[in-house]
Amino acid sequence: MLCPVPQTPPSTRLARLVVNNPVSAQHGREWAGGLAHLIGYCTTPVTEQTIIDSASSASPTFYVAYTKRPGINLLRIGVEARAGAATASRGRLAVTAQTSLGVAATTSWLFGRHDMDGTGTLSATSTVLADRPVITCYLDISALTNGTVYDLKFVWTDTAGSKGLLSFCVHEQPLGSSDPIASSDEPGIDINWTRARQGLYDGTSTTPRGLQRVLGQLAVARAQCPRQGLQLSTIEDTTYAWHVTAINATPTTAVPFGTGSTPKFRVRARGLYGTASTNPYLLRLRYQTSTTNHPVFRVAVTPVGGAVTNYDFTLASSSGVWVAKTTDNASANMVVSLPTTGTNQECWVQFYAVAATSSTPTAWVSQIALTELET
Amino acid sequence: MSVIQERGYSKYIKHPPAGSATPLANGDTIDSGIATVIDSNIGTMQTESCRQLVFSLGPGIVTALDYTNGSPFAGIADLAPTDAGHAPSQSVVGAIPWDRRTARRFGPFYAVADRDPGTGGPCMRKVVMEMNVTMDVACTHSDFYFLLTTAESARDIADGNVLSFAHQSLGAGVSGQKFITPASTNQTGAGDALTVTPTIDASLYTPTFSRLDTTNGNAESLVFPYWVWFGYLFQSGSNYVDSFCAFETR
């Protein structure tokens, strides 16, 4: 990065700012450090998931949505394989990145590791051991396009009695504490600009230096740091994916979850603009419908201490094909707002399918992803 | 609340986007008004940079383990016998084996340190944790455990690697959906948080990769990795763990 990335944010005192006096170089350094901490160190846990025990396909496929952001070079991917009855269960895992249209993207594994490229064999821990090692690899994503949503595709192939994955995670790796090599999409402020006696000049739209750069990186940090990802993935096939066949059935409980209760998820809304503001998220679904009719997907948001708000989205039909969509049947973005009015800015999120008529098709959902949409 | 950065305003102040015509011309000094807005906005973003750590479904139906007739440790080959010396209902980290029947683990997360208001040193953020369960009225007793630890393995949890720990119990006759948090067995209000005190131990920072460059050298970052564990034990009945949530808070 253009500036050392601190592990703790700098502590600025406003008292040092005197009206009518110019700002000292120290302030510029603190802006650079504060933004570097936000952009380079407060990286996002993209997803953390455990797979329900009843979804124990031997060779499952999962998808995780990820939006590339500037400066991030590596994703840390960890998996825990699920052992079957065999004493030495094992299988192979292939993790690849692809666009929502299924076009493969260029990535590589750090140190050329083969653990997650589909060629190495991974063991699943025995059920009689409490020790549960996580298999971790680092995926180099520096060649991906900033701002594009990719699907990270996990394909587990059983080779000896394993039952797929017990859990998996994807995390952004923080930027280097001190890195003299700047990439072409390097975020942050060049700390050299903030030296004493060096003018921090305005810059232009084509040469966004100086104050222009500061304002631009404020916007980057506001929109992307962190860019929360609230997502659930299950096996993408018509046996194990959440599916809906009846009016008001709930995709996360119908099959195979089967508890009779719809899981609630507690989250904290980001309140950048005070308690009257909301925190927008873009909904992305991977789903399949059985016919040309349109299912309706509902996100219910309840601020702690408040009343529920339902967001209903009529989905485009997919007629037997798996699709990834962020837009509804009318091609409008599926946007959900988390309120900041709940106690401690907290709220609950629930997912439902709503079948308004008997002609509503059977629908399978393999990925529910809410990604923060601060603009 | 930890001290992060003094804020002049309680919210983010919108400013002209980069690339627009700003009121400052080249050669002008930046005055304290603009500097205050920039300072305050960075402080606001740091305050609001709390991250959702866990947003996951649970394992679903959980096998009941009757600890009055047989220890949940039975059949686990790699735990020391002393671990089984606690009744599961006790509030100690060694009360359950933390295996896949009784626990789920998430992480490692790289802690984002704020500043402790007393010492000014790095201070780990509080973490709200919640388990969403569906209880069978036939369940005679259940226990729930919340753990922040530097231990990746269940075998290491009792070895002094605990950052924060909490335990909750439910008795007989409870049915339906419950929201279990470190301080409540049906938390319908704001979630309560596990607090790590007093500060992050600097000796536990470890380097991790940020970029691999065989020509110019690799870049690394120093991080404080920790794990979030949820433990559960149901004595009888058909009970479900529906979801897990954890997030940083103020």
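Among contacts in chain A between residues at least 6 apart in sequence, what percentage join residues at least 24 apart? It's 81%, where a contact means heavy atoms within 4.5 Å.

Some housekeeping before the clicking starts. This is a predicted model, in which local features need pLDDT of at least 70 and side-chain atom pairs count only at pLDDT 80 or more, while totals for chains, interfaces and linings use all residues. Residues are numbered from 1 along each chain as its sequence is written, chains are lettered from A and ligands numbered from 1 in the order in which they are written, and side-chain values use heavy atoms, with hydrogens and water left out.

**Colour chain A by confidence.** pLDDT is the predictor's confidence in each residue, from 0 to 100. Chain A has a mean of 84, with 88% of its residues at 70 or more. Now select residues 252-259 of chain A: pLDDT stays under 50 there, and the model has 30 contacts beyond four places in sequence for this stretch.

**Switch to cartoon.** Chain A shows 2 helices and 19 strands, and chain B has 1 helix and 13 strands. These are DSSP runs numbered from the N terminus: H or I of at least four residues for helices, E of at least two for strands. Of the 375 residues of chain A, 59% count as buried; of the 250 in chain B, 58% do. Buried means under 20% relative accessible area, exposed over 50%, and partly exposed in between, using a 1.4 Å probe and protein chains only.

**Select A:210-224.** This is helix α2 of chain A, whose 15 residues reach 21 Å from first C-alpha to last, close to the 21 Å expected at 1.5 Å a residue. (The expected span is 1.5 Å times one less than the number of residues.) Since 13 of the 15 residues are buried, α2(A) is largely enclosed by the rest of the structure.

**Next, the core.** A nonpolar core is a set of buried Ala, Val, Leu, Ile, Met, Phe, Trp, Tyr and Cys residues joined through side-chain atoms within 4.5 Å. The largest one holds 94 residues, and A:F154, B:M131, B:F144, B:Y226 and B:F230 touch the most other members. Its largest share, 7 residues, comes from helix α1 (residues 25-41) of chain A. Another core, of 30 residues, lies apart from it and includes A:Y281, A:F297, A:C347 and B:C245. Back at B:M131, show what surrounds the residue: leaving out anything up to four places away in sequence, its contacts include B:F144, B:F179, B:F230 and B:V241.

Phe, Tyr and Trp (its six-membered ring) pair if ring centres lie within 6.5 Å; planes under 30 degrees apart count as stacked, over 60 as edge-to-face and the rest as tilted. That rule gives 22 aromatic pairs over all chains. For one of them, pick A:F351 and B:F55: the centres are 6.4 Å apart and the planes at 75°, so the pair is edge-to-face. The pair crosses between chains, from strand β18 (residues 346-354) of chain A to strand β1 (residues 52-62) of chain B. Both A:F351 and B:F55 are buried. Over in chain B, select B:F106, B:F144, B:F146, B:F230, B:Y232, B:F234 and B:F244, which form one aromatic cluster.

**Last stop, charges over rings.** The criterion is NZ of Lys or CZ of Arg within 6 Å of the ring centre and within 35 degrees of the ring normal. A:K264 has its charged end over the ring of A:W348, 4.8 Å from the centre. For A:R286, the ring is that of A:Y63, with the charged end 3.6 Å from its centre.
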